[in-house]
Amino acid sequence: MASDHLQKSVISADEALRRIIEGNQRFLQGRARFSTVCKETLADLARGQQPYATILGCSDSRVPPELIFDADFGELFIIRVAGNVISPEVMGSMQYAGTHLHTPLFVILGHEGCGAVEAALESKLNAVEHLSRIQILVNDILPSLPDFDPQTPREEYLARAVEANVRWSMRQLMDTPEAKRAVEEDRAMLVGAVYEIASGQVRFLREFFIQDH
C-alpha cells in the first residue's frame, strides 16, 4: 500500500460524484478516453495514490469500474468481490481508503443479473446448497433479500434483490463508527448504484445518498 503521508483529496464528494456520472455518460456515448498512460504519469503514480472515489463492485467480468466510469489510472480505489458483499477483508480495504487515502466518495456498485445474488435467491426460494465457500458468500447476501410475492416474475424479483443487496452493503458500512463519523463531519458520501449490463448505464439509487448537508 502507498504511504500514509499523502495529502487529502482536494475535491469534494459532490465533485467526485459528478466525475463518475460524467464518466459513465462518456462511456455510453462512445467518447470514453481509455487513455494510454505516459511514463511521466506512471512515475507520478509510483510516488503514491490519491483516488477521488472508492468503488465496491462485483467481480463480474462485464462490470469493470474503470471502464464504465471512464476513469484514468490512480483515480479510483476499487474493491471487487462476487456479489459486492461486505466481509472483514472488504471492511479493512474500505477503512484503508477512508483513513489513509481520504477518498470523499464511496460507491456500492451492484449490477443487473448478478450471479451471486441469483445464487442467494436459489438458496432462499428453493433451499439450494452451494459449494462450501460459495455458500459462505451466499450467506452474506441472504439477509438482504426481502420477501416478495411468489407471483412476481423472476426477472423483476432478481432486479429487486440486486438493489436490496446494494442497500444491505450500505447499511453494514454505515453501522461502522468510521462511516458514521465521516458522514457527520461531512467528510464523505456513500451512494448506491446498479450497472445495467445491456445498456451500459449506471443507475444511482438517489434516495440512498447519505451525506450531511
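## Elements of the chain

The model described here is predicted. Its protein chain has eight helices and five strands. Read from the N terminus, the order of these elements is α-α-β-α-β-α-β-α-α-α-α-β-β.

## Thr-103

Between α4 (88–101) and β3 (105–111) there is a loop, and Thr-103 lies in that loop. Is Thr-103 buried or exposed? Buried means under 20% relative accessible area. Thr-103 has a relative accessibility of 2%, so this residue counts as buried.

Leaving aside residues up to four places away in sequence, Thr-103 touches Pro-51, Tyr-52, Ala-53, Thr-54 and Ala-97.

## Overall dimensions and packing

Along the principal axes, the C-alpha atoms of the protein chain fill a box of roughly 55 × 40 × 35 Å.

Of the 213 residues, 44% count as buried. Among contacts in the protein chain with a separation of 6 or more, 70% are between residues 24 or more positions apart.

## Surface and charge

The protein chain has an accessible surface of about 11200 Å², and carbon and sulfur atoms account for 52% of that surface.

The protein chain carries 21 positive and 30 negative charges. The mean positions of the positive and negative charges are 3 Å apart.

Notes:
Residues numbered from 1 in each chain as written. Predicted model: local features only at pLDDT ≥ 70, side-chain atom pairs only at ≥ 80, totals over all residues. Heavy atoms only, no water. Helix = DSSP H or I, 4+ residues; strand = E, 2+ residues; numbered from the N terminus. Buried < 20%, exposed > 50% of the residue type's maximum accessible area, 1.4 Å probe, protein only. Contact = heavy atoms within 4.5 Å. Areas by Shrake-Rupley, 256 points an atom, 1.4 Å probe, with all protein chains shown as cover. Lys, Arg positive; Asp, Glu negative; His and termini not counted. Charge placed at Lys NZ, Arg CZ, Asp CG, Glu CD.
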